[in-house]
Amino acid sequence: MPNAPIIAFAVAFTFLLTLGAAVYASDFGKAEMVHFRMAVPAGSVTSPTVIRGAGAPIEMAPIVIDLQQRGNLKKLLNPGVEGISTHTITNVGKKPVKIRMELVNVTIPVRWEVSANLLYDPDTRTFTEPLLPGESIRNLGIDWFFQIPEERLYDEIVYEGGLRLSDADTGEVLTYLPITVKNGDGLVSGSGGACH
Amino acid sequence: MTAIETIRKNRWRYLSLVLGFFLFVGPFAIIARMINTATGNMASPTLHTLCYRMPVDWLFGGRWYALIGSVAAAFIIGVIILAFFMGPVFCGWLCPVGSVSEGVSRATPLPDRFRLRIRDPQVTKGLRYGFFAGFIAVSVIVGYKIASISSVCCRYCTSSVLQNMADGLTGQMSAVAYWHSGSLVTLFSWLVIGGIFMSGGRGWCLFFCPLGVLSNLSHTAGKKLGLYRMSYNADKCLDCTHCQVTCPTWAIAPDKSVDSHLCITCQECTNSCPQGSYEYGRS
């Protein structure tokens, strides 16, 4: 039967290991599979801002991913694909909208994965069912995977564009979120969390 | 006991574990599919639909309101209630995450001397509850924005890794194209360290699964009230240690008693004991 110090060590070991895993996750999470929230209409999001309207306020900021700030495991084993993800698109406006999504200035292959509890047309990347004011799309999960060619992996700017959300009925741009994938200067964005 | 004998004696459990894969993992995900159909949800059902971890994270991170109406929360509450009355049968008989790592461990012809097994349940429990305390601490720190760290809930998600692998096996190769550092750590911890290099292949379940901890706490409470659990009869025991060798969660103490904080009621001990020293029941 082990004595109390051994058991205490066991408890402390996994406790600290878990905290360490959280710290590590916050470190690589700033540049790997960055999660963000979206509101419509929010206009052009050129700096960190809080969008207020119907429903809860939404924090938004331009997305800047520094590939150099990814974890060493990622850089070593799977450097050629980087992803961003959202679980939140909220209509903070006063009228129902059918949201069309578009990535602007696509210079490298990008794969979309969309799941949601709202009718979605993958050909036009449009939610064909209106999102009501104050509502968020239920069970939303959208991942964008940037497939970075090896010859562009160390470019200063790998991708510079953004995500445009517009009203599918009128074509009006509701929200524009700039996205940059780059190497260097240490600027990063994102919460470092996931699924929150 | 030979591998064939083990499979024959535990055939119902292994069949149940295979069934669990089809019940919970997409593209089959039969239970999630039924729930989605019933609720009018058009999302593709996956292992994530009934997430094992996020409701626990919400609870301790101050987002308890997110539990209301959550299918995942209802699912894990059901698992915990089931564990109270019947023992952690979900862990032992249905969980696809545990069954895959256990299967990988059993299928890998690695000599036992290369596999870790902690003989004293007190130490195993210490490691297990240390993780759980850490999980709660991280949920509180992240949920209440006390410090800038990340949740361990989703960044180290076996459900993601398993679902992506299943998608890859069913033809969606894009699902296994992206790996972030957390998923690489998870894959290595779950299948390599916790699977191949831990006796029984349940290392992840023992040390990194919050639902497993909650199920065993519930089971321990139920056991105190005389509900279903594994019991040991010392009078029949020949001290052969077959039970200790076969137990995938190292729940059998040196005195052969079953520790309810670790037992997943898989009944491998019952089926391996030549004397019938172990029984599952209420008595």
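**Close-up views of a predicted two-chain model**

**View 1. A bridge between A:Arg37 and strand 6 of chain A.** In this predicted model, A:Arg37 has A:Thr88 as its bridge partner in strand 6 of chain A. Strand 6, which spans residues 81-91 of chain A, pairs with strand 1 of chain A in the parallel sense, and the pairing runs over seven bridges.

**View 2. The open sheet of chain A.** Four strands of chain A make up an open sheet of mixed pairing, in the order 1-6-11-8. Its edges are strand 1 (34-40) and strand 8 (110-115) of chain A, each of which pairs on one side only. From one strand to the next, the twist averages 25°.

**View 3. Packing of helix 5 against helix 13 in chain B.** Helix 5 (residues 71-86) and helix 13 (residues 210-224) of chain B pack at an angle of about 35°, their axes being 7 Å apart, and the crossing of these two helices of chain B is right-handed. Helix 5 of chain B contributes residues including B:Ile76, B:Val79 and B:Phe84, while helix 13 of chain B contributes, among them, B:Leu211, B:Leu214 and B:His219. By class, the residues of this contact comprise nine nonpolar, four polar and no charged.

**View 4. The side of chain B that touches chain A.** Between the chains, 38 residues of chain B are in contact with 39 residues of chain A. Helix 8 (121-143), helix 9 (152-155) and helix 11 (181-196) of chain B each supply at least two residues of the chain B side, and the largest share, 13 residues, comes from helix 8 of chain B. This side of chain B has 23 nonpolar, 13 polar and two charged residues.

Technical notes:
Residues numbered from 1 in each chain as written. Chains lettered and ligands numbered in written order. Predicted model: local features only at pLDDT ≥ 70, side-chain atom pairs only at ≥ 80, totals over all residues. Contact = placed C-beta atoms within 7 Å. Nonpolar A, V, L, I, M, F, W, Y, C, P; charged D, E, K, R; others polar. Pairing = 2+ DSSP bridges. Axes fitted to C-alpha atoms, helices over the stretch in contact; angles between N-to-C directions. Left-handed = near helix turned anticlockwise from the far one by under 90°.
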